Amino acid sequence: MDSNRVNGPSYPLPRQTTRAVRVGPLTIGGGAPISVQAMTKTPTVDVEATVAQIHALEAAGCHLVRAAVPDAASARALAAIKARIRIPLVADIHFNYTFALLALDGGVDKLRLNPGNLKNPAHVRAVAAAATARGVPIRIGMNNGSIPAALRARFPFTPAGNAQALVEGALAHIRLLEALDFTDIIVSLKASDVITTVLAYRLMAAARDYPLHVGVTEAGPPPEGLIKSAAGIGQLLGEGLGDTLRVSLTADPVEEVDAGWHLLRALELREGGITLTACPTCARCDVNLDPIAHAVKARLRALDHRLRAAGRSLRVAVMGCEVNGPGEARDADLGIAGAIGEGVLFRQGQSLGRVPEADLVDTLVREVEALAQREGGPVDARLPGGSGS
Ligand code: SF4
């Protein structure tokens with residue numbers, strides 16, 4: 001464990017040292033900034049729908065995207081998808097090695113595949129050789145829901161036992177690739193409960209130095225899914241574990257990307273985007289703050305995404321009274337502190353005067369957009385940034 005803080009401005013979380021693995025132009029591990037990924041939820045054979053969803057993910061700051069490959073038609077569709085997107089594409093394959101070969105031919109940047117599932121050693125060799133020839137890494141992904149019965153039977157059915165089973169299963173897959181001198185490996189060990197997940201990643205980090213793709217699987221819809229993911233991934237990141245993450249939500253995948261970014265920003269492991277501070281309101285609140293805060297958040301969402309892509313951060317505060325409000329609003333790049341029927345607008349610590357309550361949202365959004373333009377030039381829709389490569 002070292003303390004090579006990567007890009008946190010003030011909170012030096014330790015980072016476990018892992019080997020660097022290239023995924024197209026992106027680097028995962030080796031101290032590269034932690035990347036945020038998501039998975040498409042469209043049929044992969046539907047190229048139009050899948051490309052549209054990936055474009056929405058790109059705009060939100062997704063660094064790499066995975067698509068499930070359930071059949072040969074999906075594998076063949078990957079080339080057309082790959083040609084129209086800008087972020088690395090990962091093919092998720094389970095049992096059929098020909099799908100993996102088709103995906104590699106289609107130009108994917110990474111495979112998610114457990115070599116032990118292929119059964120035939122010749123098929124494993126064929127996939128490893130094709131991946132090596134193209135410089136494509138393989139993620140080995142164990143999932144608590146699909147641990148083979150024989151493996152599960154070796155360990156107690158407890159979080160600690162399940163974590164051991166996940167790691168033993170992953171190590172068996174890893175050894176198959178290592179035996180072929182294939183070490184461009186990323187590992188995930190996911191369970192739908194936080195404790196098993198955390199225990200499994202700790203065990204794997206002690207066993208190997210491959211980069212870790214962290215997440216709590218099948219976490220559920222928001223807010224439960226967000227809370228479980230934040231608890232699990234946050235705990236791991238706090239221990240220095242995790243090189244790339246996916247927040248698995250039963251929701252629009254853009255929400256997964258938003259959540260990943262919020263988590264990394266909260267831990268100061270990644271910069272870029274808008275951090276919104278808003279008070280919970282209480283009996284002192286002088287304005288109707290809830291709708292104001294939600295309107296500000298919604299109207300700044302696109303700018304938030306563009307600032308992520310540009311790696312630029314802004315802090316915005318929406319506060320309800322003149323007790324705590326002025327302090328928070330002053331500390332933000334832009335903020336309002338509620339007063340009776342109006343709000344005091346602050347920009348970088350300076351009061352800009354009072355604004356009627358009815359105009360607070362428009363005024364604050366306008367000032368934030370103007371500051372974003374002024375402080376860094378046009379905030380355009382550039383590539384999701386900070387790949388560390
Ligand atoms: S900022 Fe004011 S209104 Fe908001 S929670 Fe604090 S005391 Fe209450």
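Predicted model: local features only at pLDDT ≥ 70, side-chain atom pairs only at ≥ 80, totals over all residues.
Residues are numbered from 1 along each chain as its sequence is written.

**Two domains.** The chain is split into domain 1 (21–271) and domain 2 (274–376), with bounds that come from an automatic or database domain assignment. Their C-alpha centres lie 37 Å apart. Where they meet, 6 residues of domain 1 are in contact with 6 residues of domain 2; being in contact asks for C-beta atoms, placed from the backbone, within 7 Å. On the domain 1 side, α1 (47–60) and α9 (253–266) are the elements that give two or more residues. Helices (H or I, at least four residues) and strands (E, at least two) are DSSP runs, numbered from the N terminus. That side has 3 nonpolar, 1 polar and 2 charged residues. Here Ala, Val, Leu, Ile, Met, Phe, Trp, Tyr, Cys and Pro count as nonpolar, Asp, Glu, Lys and Arg as charged, and the others, Gly among them, as polar.

**The cores.** A nonpolar core is a set of buried Ala, Val, Leu, Ile, Met, Phe, Trp, Tyr and Cys residues joined through C-beta atoms within 7 Å. Buried means 20 or more other C-beta atoms within 10 Å of a residue's own, exposed means 12 or fewer, and partly exposed is in between, with C-beta atoms placed from the backbone. The largest core holds 83 residues, and Val65, Ala103, Leu111 and Tyr201 touch the most other members. Apart from that one lies another core, of 30 residues, including Cys321 and Leu334.

**The sheet.** Now for the strands: an open sheet of 8 runs in the order β8-β7-β6-β5-β4-β3-β10-β9, with parallel pairing. Its edges are β8 and β9 (213–214), each with a single partner strand, so one side of each has no neighbour in the sheet. Strands count as paired if DSSP finds at least two bridges between them. Here are two of the pairs:

| Pair | Sense | Bridges |
|---|---|---|
| β7 (138–143) and β8 | parallel | 6 |
| β5 (89–92) and β6 (110–112) | parallel | 3 |

Strand β8 (residues 185–190) is largely enclosed by the rest of the structure, because 6 of its 6 residues are buried. Ile185, Val187 and Leu189 point one way from β8, and Ile186, Ser188 and Lys190 the other way.

**Around the ligand.** The residues surrounding the ligand include Cys279, Cys282, Cys285 and Cys321; a residue is near a molecule if its C-beta atom, placed from the backbone, lies within 6 Å of it. By class, this shell has 7 nonpolar, 4 polar and 1 charged residues.

Most residues other than glycine have a negative phi, and most peptide bonds are trans. Pro222 and Pro223, though, are joined by a cis peptide bond, with omega about 0°. Pro223 sits in the loop between β9 and α8 (224–238). Lys119 has a positive phi, near 65°, and is found in the loop between β6 and α4 (121–134). Glu268 also has a positive phi, near 55°, and its place is in the loop between α9 and β11 (273–278).

Definitions and conventions
Contact = placed C-beta atoms within 7 Å.
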